[in-house]
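This briefing is meant to be read with the structure open, topic by topic.

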Number of protein chains: 2
Amino acid sequence: MTAPSPGLAERLRLIVITDRALAARWPTILEVVSAALAAGAPAVQLRDKQAGAAELLAIARDLRRLTRRFGALLFVNDRADVALTADADGVHLGTDDLPVAAVRRCVPEGFLIGYSTDDPARARRAVAEGADYLGCGTVYPTGSKVDAGSAIGLEGLDRVAAAVPVPVVAIGGITPGRAPEIASTGAAGLAVVSAVMGAEDPGAAVTALLAPLARRSGIREPVR
Amino acid sequence: MTAPSPGLAERLRLIVITDRALAARWPTILEVVSAALAAGAPAVQLRDKQAGAAELLAIARDLRRLTRRFGALLFVNDRADVALTADADGVHLGTDDLPVAAVRRCVPEGFLIGYSTDDPARARRAVAEGADYLGCGTVYPTGSKVDAGSAIGLEGLDRVAAAVPVPVVAIGGITPGRAPEIASTGAAGLAVVSAVMGAEDPGAAVTALLAPLARRSGIREPVR
């Protein structure tokens with residue numbers, strides 16, 4: 001296990017996850033991500049199951065330049081090798097991806113690992129194996145991820161947040177209108193796909209998503 | 001650039017590349033690979049574009065145990081992260097995969113990188129960037145790789161072999177009947193998919209593929 005980065009929970013208030021299809025109205029995803037970063041999104045996750053590694057790396061490098069400019073974190077979904085070669089801050093792993101423990105052994109100190117789970121026991125195990133934060137959901141039913149399973153609701157989210165000492169990021173069906181109730185849970189932040197990628201005005205969506213979290217009294221940073 | 005492993009060219013006489021569909025007549029690919037290793041195959045490459053990373057790692061770990069037992073090399077196609085976490089000997093990269101230079105910077109000393117090209121200039125560049133061996137083809141027209149492009153023939157193979165100081169492994173449409181003419185070129189060895197994965201008797205296929213190479217006067221090891 002690595003020590004948590006200072007301010008990690010604060011920097012995970014909002015993770016903007018890319019989606020090629022939803023962003024198709026823009027010339028590239030860079031336009032959407034730029035607008036999101038300019039509006040204050042503190043983290044981006046590159047997710048593209050269609051792209052080959054060479055293409056994924058090219059996009060990741062563009063996103064690395066953008067996120068650096070705005071002081072935002074960059075994660076790559078699934079592919080630790082792409083994350084490492086793009087000099088991303090970390091990788092986000094799901095249950096069909098490489099196990100957290102296996103990746104932790106192969107990456108440099110300080111490289112962040114996120115892991116998706118809606119189960120408190122799995123959450124604890126992932127943290128013991130070296131996960132730095134958890135994505136937790138699907139909180140609400142959603143159409144943007146076909147295999148997302150059944151929604152866990154705010155109670156399910158709180159159960160996972162209570163189980164682990166690392167930041168938990170809510171995911172699944174989150175809209176600006178629902179952000180206030182997420183902010184009332186133990187989650188450190190939100191991760192969204194369609195709420196930003198599919199928005200008419202991605203910057204306005206980011207502003208609306210962040211507002212309820214900014215009004216909170218301050219997120220407790222994890223001590224491990 | 002890493003120093004070449006002692007005997008690398010000798011260990012690349014034959015690379016058996018896995019194929020889930022072609023091996024479907026067997027319970028798993030492990031049965032085919034076991035038979036190939038028992039017959040003397042010195043190297044295996046795990047190639048499975050359908051499997052998610054977790055499944056790919058599980059197969060890679062099984063293949064790692066098998067290849068260790070027989071003293072054979074194990075490569076993983078495309079995914080350097082799976083190769084690293086499975087403790088494979090290396091990764092094999094194509095033009096749509098991560099660039100050789102990017103992977104070389106992220107892997108430990110001694111981790112092998114193979115790169116596919118049929119072009120002498122690209123071959124030289126890949127070696128300069130840290131490739132330890134090259135896959136070169138398609139030598140003959142083949143149905144097992146849809147995007148393999150047009151066949152380069154023995155002359156094309158020899159041009160690449162002459163251009164670089166590392167082992168060049170011929171790939172594409174190679175059968176036991178064609179192995180003797182590959183052995184007459186500057187290639188260090190052969191890589192096959194269907195000739196072993198689709199064989200009635202994979203062990204006999206390996207024996208037949210290796211025979212012409214064993215009769216050679218000795219493969220020059222690269223000096224870099």
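Helices (H or I, at least four residues) and strands (E, at least two) are DSSP runs that are numbered from the N terminus, and in that numbering T138(A) is placed in the loop between β6 and α7 of chain A. The model is a predicted one, and each of its chains A and B is described below as a barrel, chain A with eight strands and chain B likewise with eight strands.

**Barrel of chain A**

- In chain A the eight strands close into a barrel in the order β1-β2-β3-β4-β5-β6-β7-β8, with parallel pairing, and neighbouring strands of this sheet are turned by 25° against each other on average, when direction is ignored.
- Strand β2 (residues 43-46) of chain A runs parallel to strand β3 (residues 73-77) of chain A and is joined to it by four bridges; within this pairing, V76(A) in β3(A) is the bridge partner of L46(A).
- Four bridges also connect β6(A) with β7(A) in the parallel sense, and here G135(A) has V169(A) of β7(A) as its bridge partner.
- On its other pairing, β7(A) meets strand β8 (residues 189-192) of chain A in the parallel sense over three bridges, where I171(A) stands opposite A191(A) in β8(A).
- Helix α7 (residues 153-163) of chain A lies across β6 (133-137) and β7 (168-171) of chain A, and the helix runs at about 165° to β7(A).
- As background to these pairings, strands of a sheet pair through backbone hydrogen bonds, either parallel or antiparallel.

**Barrel of chain B**

- The eight strands of chain B close into a barrel in the order β1-β2-β3-β4-β5-β6-β7-β8, and the pairing is parallel; from one strand to the next the twist averages 25°.
- Strand β5 (residues 112-116) of chain B and strand β6 (residues 133-136) of chain B run parallel and are joined by three bridges, with G114(B) standing opposite Y133(B) in β6(B).

**Interface between the chains**

- The size of an interface is often given as the accessible area lost when the parts come together.
- By that account, chain B and chain A bury about 1400 Å² between them, with 64% of it on carbon and sulfur atoms, and 21 residues of chain B are in contact with 21 residues of chain A.
- Two salt bridges are counted between chain B and chain A; R79(B) forms a salt bridge with D78(A), in which the closest N and O atoms are 3.2 Å apart.
- Nine residue pairs are in polar contact across the interface of chain B and chain A, with both residues at pLDDT 80 or more.
- On the side of chain B that touches chain A, α3 (53-70), α4 (80-85) and α5 (100-106) of chain B each supply at least two residues, and α4(B) gives the most, with five residues.
- Sorted by class, that side of chain B has eleven nonpolar, three polar and seven charged residues.

**Backbone features**

- Most residues other than glycine have a negative phi, and most peptide bonds are trans.
- In chain A, a cis peptide bond joins G137(A) and T138(A), with omega about 5°, and T138(A) belongs to the loop between β6 and α7 of that chain.
- In chain B, the peptide bond from G137(B) to T138(B) is cis, with omega near 10°, and T138(B) lies in the loop between β6 and α7 (153-163) of chain B.
- D78(A), a residue other than glycine, has a positive phi near 75°; D78(A) is placed in the loop between β3 and α4 (80-85) of chain A, and D78(A) also forms the salt bridge with R79(B).

Terms used:
Residues are numbered from 1 along each chain as its sequence is written. Chains are lettered from A and ligands numbered from 1 in the order in which they are written. This is a predicted model: local features need pLDDT of at least 70, side-chain atom pairs count only at pLDDT 80 or more; totals for chains, interfaces and linings use all residues. Side-chain values use heavy atoms; hydrogens and water are left out. Two strands pair if DSSP finds at least two bridges between them. Axes are lines fitted to C-alpha atoms, for helices over the stretch in contact, and angles run from 0 to 180 degrees between N-to-C directions. Contact means heavy atoms within 4.5 Å. Buried area is the accessible area (1.4 Å probe) that two parts lose on being put together, summed over both. A salt bridge is a side-chain nitrogen of Lys or Arg within 4 Å of a carboxyl oxygen of Asp or Glu. A polar contact is a pair of N or O atoms within 3.5 Å; within protein, one must be able to donate a hydrogen and the other to accept it, and residues adjacent in sequence count only if both atoms are side-chain atoms. Ala, Val, Leu, Ile, Met, Phe, Trp, Tyr, Cys and Pro count as nonpolar, Asp, Glu, Lys and Arg as charged, and the others, Gly among them, as polar.
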